[in-house]
Amino acid sequence: MENTPVLPARAELTVTDLVPFGSVGEKKFFALTLSRPHWANWRPGQFIMLRPSSWNSELTWARPFSICRVTNQSLVLFFQVVGRGTEQMALLKPKDKVIVWGPLGTYFAMENMPTLLLAGGIGIAPFAGYVEQYNLQNKLTMFFSHRLPEQYYPVESLTRHIEVETNYEQNSDDLQVTLDIIYKKMKVMAENNGLVLACGPMPFLKTIWRNALSLGVATQLSLEQRMACGVGACLGCVSTTSDIYPDKEKIGLPVQTCTKGPVFWAHKLNLDA
């Protein structure tokens, strides 16, 4: 289960499309399609740092985004408007230029074993590329929990390849249903020596992390952190390791999520720190 980062590259890419998936109040979702970068390789779970060429000095830092899909012609990102940077990205037009660094970080394992994908909300993004690359799709199952209607997310990109079980959370009862389903599905993976891969908001990941430790099931978590540089220089995206992290100099200490992650093995993290 090796997980070695692929060396990143810097490129200027062209916007080819920006498709709105819908909006509820201030919550707006978009699929951004860029010209394909000349990467030798990339792996689902990795991310890129993106900065439109039109940004002025008020928006100094690039923004991190999970790689959703890469085709022969394009790089596709899925994002939610959550601040000034993504507000400006929602105004991008075809032929606009953006600077991209990537692919960055570690990635999800692909093993010949039963594999459960767990996605919460915007955390569905990296699994679109995963199900396209994984050539043993009969071993894949997926559960997706979301707080907005399903059409606000790129679910169709996944259902072309695998069945996706979903739960629309509208109240506390729905949340409990999600928690129960996650536990039961992870228990099945533990009993069958399977693998669990998860991406979503931190409360969602903490639940999966605790289940992984109690059930003893191999689990990888893709952590969401604010990032400024994406290459480990600014120390702005740290996560805390557990006491069995293999780097003996880092036991129980913060490590850069952008270079040591964003995909971590659950038993090597301490999300309660």
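Is Glu 132 buried, exposed or partly exposed, and what is its relative accessible area? Glu 132 is partly exposed, at 28%, where buried means under 20% relative accessible area, exposed over 50% and partly exposed in between (1.4 Å probe, protein chains only).

This is a predicted model, in which local features need pLDDT of at least 70 and side-chain atom pairs count only at pLDDT 80 or more, while totals for chains, interfaces and linings use all residues. Residues are numbered from 1 along each chain as its sequence is written, and side-chain values use heavy atoms, with hydrogens and water left out.

The structure holds six salt bridges, each defined as a side-chain nitrogen of Lys or Arg within 4 Å of a carboxyl oxygen of Asp or Glu. The table gives three of them.

| Salt bridge | N to O distance |
|---|---|
| Glu 132 and Arg 69 | 2.6 Å |
| Arg 147 and Glu 169 | 3.5 Å |
| Glu 156 and Arg 160 | 4.0 Å |

The side chains of Glu 132 and Arg 69 meet in a salt bridge. This pair links distant parts of the chain, with Glu 132 in helix α2 (residues 125-133) and Arg 69 in strand β5 (residues 69-70), 63 residues apart. Helices (H or I, at least four residues) and strands (E, at least two) are DSSP runs, numbered from the N terminus. Arg 69 is buried, with a relative accessible area of 19%.

Arg 147 forms a salt bridge with Glu 169. Here too the pair links distant parts of the chain: Arg 147 lies in the loop between β9 (140-146) and α3 (155-159), and Glu 169 in the loop between β10 (164-168) and α4 (172-191), 22 residues apart. Arg 147 is exposed at 62% relative accessibility, whereas Glu 169 is buried at 10%.

In the salt bridge of Glu 156 and Arg 160, Glu 156 is exposed at 56% relative accessibility, and Arg 160 is exposed at 56%.
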